[in-house]
2 protein chains.
Amino acid sequence: MAKEKKFVEAITSMDEDFAQWYTDVVKKAELIEYSSVKGCMIIRPNGYAIWENIQNELDKRFKATGVENVYMPMFIPESLLQKEKDHVEGFAPEVAWVTHGGMEPLQERMCVRPTSETLFCDFYKDIIQSYRDLPKLYNQWCSVVRWEKETRPFLRSREFLWQEGHTIHATAEEAEERTRQMLNLYADFCEDFLAIPVIRGKKTEKEKFAGAESTYTIEALMHDGKALQSGTSHNFGDGFAKAFGIQYTDKDNKLQYAYQTSWGMTTRLIGAVIMVHGDSSGLVLPPRLAPVQVMIVPVRQQQEGVLEKADELADKLSDYRVRIDKTDKSPGWKFSEQEVKGIPLRVELGPKDIEANQAVIVRRDTREKITVSLDEIDVKIGEVLETMQKEMLERARKHRDEHTTVALNYDEFKDAVENKQGFIKAMWCGDKACEDKVKEETTATSRCMPFEQEQLSDKCVCCGRTAKTMVYWGKAY
Amino acid sequence: MAKEKKFVEAITSMDEDFAQWYTDVVKKAELIEYSSVKGCMIIRPNGYAIWENIQNELDKRFKATGVENVYMPMFIPESLLQKEKDHVEGFAPEVAWVTHGGMEPLQERMCVRPTSETLFCDFYKDIIQSYRDLPKLYNQWCSVVRWEKETRPFLRSREFLWQEGHTIHATAEEAEERTRQMLNLYADFCEDFLAIPVIRGKKTEKEKFAGAESTYTIEALMHDGKALQSGTSHNFGDGFAKAFGIQYTDKDNKLQYAYQTSWGMTTRLIGAVIMVHGDSSGLVLPPRLAPVQVMIVPVRQQQEGVLEKADELADKLSDYRVRIDKTDKSPGWKFSEQEVKGIPLRVELGPKDIEANQAVIVRRDTREKITVSLDEIDVKIGEVLETMQKEMLERARKHRDEHTTVALNYDEFKDAVENKQGFIKAMWCGDKACEDKVKEETTATSRCMPFEQEQLSDKCVCCGRTAKTMVYWGKAY
């Protein structure tokens, strides 16, 4: 009983304390549990099943573009990490160091990979000799470690799961094309599968990845108006190839440096799903992502024939990911559980429904109740799931658009940061000094220079000099 | 050209030098590459695709028994590792220690998980209160680290990929049932999917897992007559529960300790596939496991219509995992590549075949050539793949049976170890002294006490006292 009470405790209101609401949802939906290692989290079955669906869908999309999976060691010798100057400066301050193997101190310490550019370069150096060996389109699914000071489940943890793609090409053009292709793949995945609309764009010099020539990003807006960087794709040019000596002989038998990219998405996406779609009752999962799409809740299940009919219904719905809750909890209790876990549809089925040859479908997002005949429920469920997927994306896009403000001068900009939640669109001169100033004075950072540019004015929002580009700004996770 | 020459260099004969043959196959089939971290390997696309198929099939079988996936942190604080006495003694000498996070020394050092019993116990302690919370049937796919001195690709590396299942139950009986269930699942998987016959049995006290009450194992015989432990399943009783304080209230409201199991399979299985099925031309993959099942090799592909017909054929064979080799290499070269990589079937298709409305199927294992009409090739390919899968298992079983010797006394035993390759079946008194003596004097170890017992004699093969049980002995990887 103590446990049950704990379960029904109200989730903190998101308007009151969004951070606490987030933590409550993560815990009550049983997505994660804290571990004895500070900043590392245990991903529980409900959370991991979401990650598995993300993996399966992304992996399928990667492979359709020719990507192959590999596995690289989790350790990087210190000397290898140091080969590319910008890269080591970006990562060395936040890696975990292994100094002993068994009872012996190591001759050279190794870090646990924070990302694997250096390992891939060291590998490519050995396996690439000729233009015939190019391109290589490799990816790996693994965990990485970054010794962060402040941590939050899914959003920032010392160890997290991700995929990291690393490709290598004969020409700069091919590398650029792949960098953009993967960014667009990420964006489409977010919109189609997670029902999260994203802004596609390029990071400024200040915000780009350590060692990259350019970094592309997709930025999503959370319910509280903060931005979340949701996936990045980097073009390295031939910088790493030069640092690691990755050369190939071209068709004219000349030695050339190769061009590289990398791109990654992480368990952070689960945080995005929570913060874009969640509501006061907990998680709301878009149907395509949801590990369980339909929960059948039998009502008066002790009455003869109810559970049998529920089984029959589950069979009829076997095209979907369907479960029956046959536990001895009350229907109300089961409803709460289904809601907090974000299962898209609930189907209520009791003796009266059975008598009338019908069932009641309840949508998790709108709570709309739909009474349907058992004869056509399989078709109807498919329709409702599709509608829900589509409407969740539309709702998120509407929220994003309503929380995007145009600022034409610095006063408007500061006012927007202080009084409005969300993205701010404003022009920028391209000078890092302005970017630094905006960050210091307002805490807003440049999120990206969107591919879809608009000419809002011809003056930089900060210094008033000639503007070069429109930037999305915002407070970010 | 330098590269091409290297590729066609003969693979070392397995009769001459089995270890070198193994290394040659692993390298030439492009399964792995060595990395700059000693003892850690890079799993290349050909190797990783095999692991993905193993994962998918095992994962499906696990889930059918109610198992759910989770993810635990990769780090274990030293104090947590030390909670169970036998366990820490077994693993502490071979773990990698993290001592610094970023620029700071850690307050307590952590090891990279060599296995995760302690993490799961620490988790179960928090989430299990009542009998209603039991059982939990959790599994994770991850990499683990053991700082081995001698390493070999797939068979023994400092980091390897595996799955580790960890279940917790209300009763000792349930835990024992799950331990055996998973062992049998492993054995069936090896036989059905990898075409590797295994001996199912129990480890002796000496050979059991650190901290387990009993360890079950499946043992396979490699082509060179050495045994490979291919999967283990451990029953922990309530030992870990007592060390970690994992208690639940039963239906009578009394506090009880819970009972646990764990079970694992690793990338070592890929080593088993190589050493059971491989031949002088390289890898031979059983059809169910093979990432590519059919390679279509166009002959005289520059002639009009050949590549078009090959495409048509690939479409017709889309129920299988099929590829066409359209590179500008010679057909002979393509044949060698298909062979070294172990692709089960090759389909040769040239202008004359097309004229005759036929193609030639070549089996990788027997090199049998089968000419079939293009009209019925899709059905025929399915039949040949099934036959090949079945015959590969039969051949491996025959090899194993022919390399299993019965020893009734110590002279016969020593003779068998010295002069015959393979398993030795012999009776044992159950005394560790005899097991130690056998190992020291012959290098053979007890592989398992098989579930299928035979009464070969009534005397221990070593000391001559009353025998308790029949044991499989052998030299092992």
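Trainee: How much area do chain B and chain A bury between them?

Mentor: This is a predicted model, and the value is computed from it. The size of an interface is often given as the accessible area lost when the parts come together. Of the area buried here, 62% is on carbon and sulfur atoms. The area that chain B and chain A bury is about 4,600 Å².

Trainee: Which strand gives the largest share of the side of chain B that touches chain A?

Mentor: In this interface, 51 residues of chain B are in contact with 52 residues of chain A. Between the two chains there are two salt bridges. The largest share of chain B's side is six residues, and they come from strand β5 (residues 96-101) of chain B.

Trainee: Which residue of chain B forms a salt bridge with Glu52(A)?

Mentor: A salt bridge needs a side-chain nitrogen of Lys or Arg within 4 Å of a carboxyl oxygen of Asp or Glu. Here the closest N and O atoms are 3.1 Å apart. The partner of Glu52(A) is Lys63(B).

Trainee: Is Thr405(A) buried or exposed?

Mentor: Thr405(A) sits in strand β20 (residues 404-406) of chain A. Residues that Thr405(A) touches include Ala416(A), Phe423(A) and Ile424(A). Buried means under 20% relative accessible area. The relative accessible area of Thr405(A) is 15%, so Thr405(A) is buried.

Trainee: Which strands stand at the edges of the open sheet of eleven strands in chain B?

Mentor: The order of this sheet is β3-β7-β8-β14-β11-β10-β9-β22-β23-β21-β20, with mixed pairing. An edge strand here has a single partner strand, so one side of it is left without a neighbour in the sheet. The edge strands of chain B are β3 (68-69) and β20 (404-406).

Trainee: What angle does the direction of helix α14 of chain B make with that of β21(B)?

Mentor: Strand β21 (residues 423-428) of chain B pairs with strand β23 (residues 469-474) of chain B in the antiparallel sense over five bridges. Helix α14 (residues 410-419) of chain B packs on the sheet and touches β20, β21 and β23 of chain B. The angle between α14(B) and β21(B) is about 160 degrees.

Trainee: How many residues of strand β7 of chain A are buried?

Mentor: Strand β7(A) pairs with β3 (residues 68-69) of chain A in the parallel sense over two bridges. With β8 (residues 159-169) of chain A, β7(A) pairs in the antiparallel sense over ten bridges. Residues pointing one way, including Tyr138(A), and residues pointing the other way, including Trp141(A), are buried. Strand β7(A) is largely enclosed by the rest of the structure, because the buried count is ten of the ten residues.

Technical notes
Residues numbered from 1 in each chain as written. Chains lettered and ligands numbered in written order. Predicted model: local features only at pLDDT ≥ 70, side-chain atom pairs only at ≥ 80, totals over all residues. Heavy atoms only, no water. Helix = DSSP H or I, 4+ residues; strand = E, 2+ residues; numbered from the N terminus. Buried < 20%, exposed > 50% of the residue type's maximum accessible area, 1.4 Å probe, protein only. Contact = heavy atoms within 4.5 Å. Pairing = 2+ DSSP bridges. Axes fitted to C-alpha atoms, helices over the stretch in contact; angles between N-to-C directions. Buried area = accessible area lost by both parts, 1.4 Å probe. Lists of a residue's contacts leave out its neighbours within four places in sequence.
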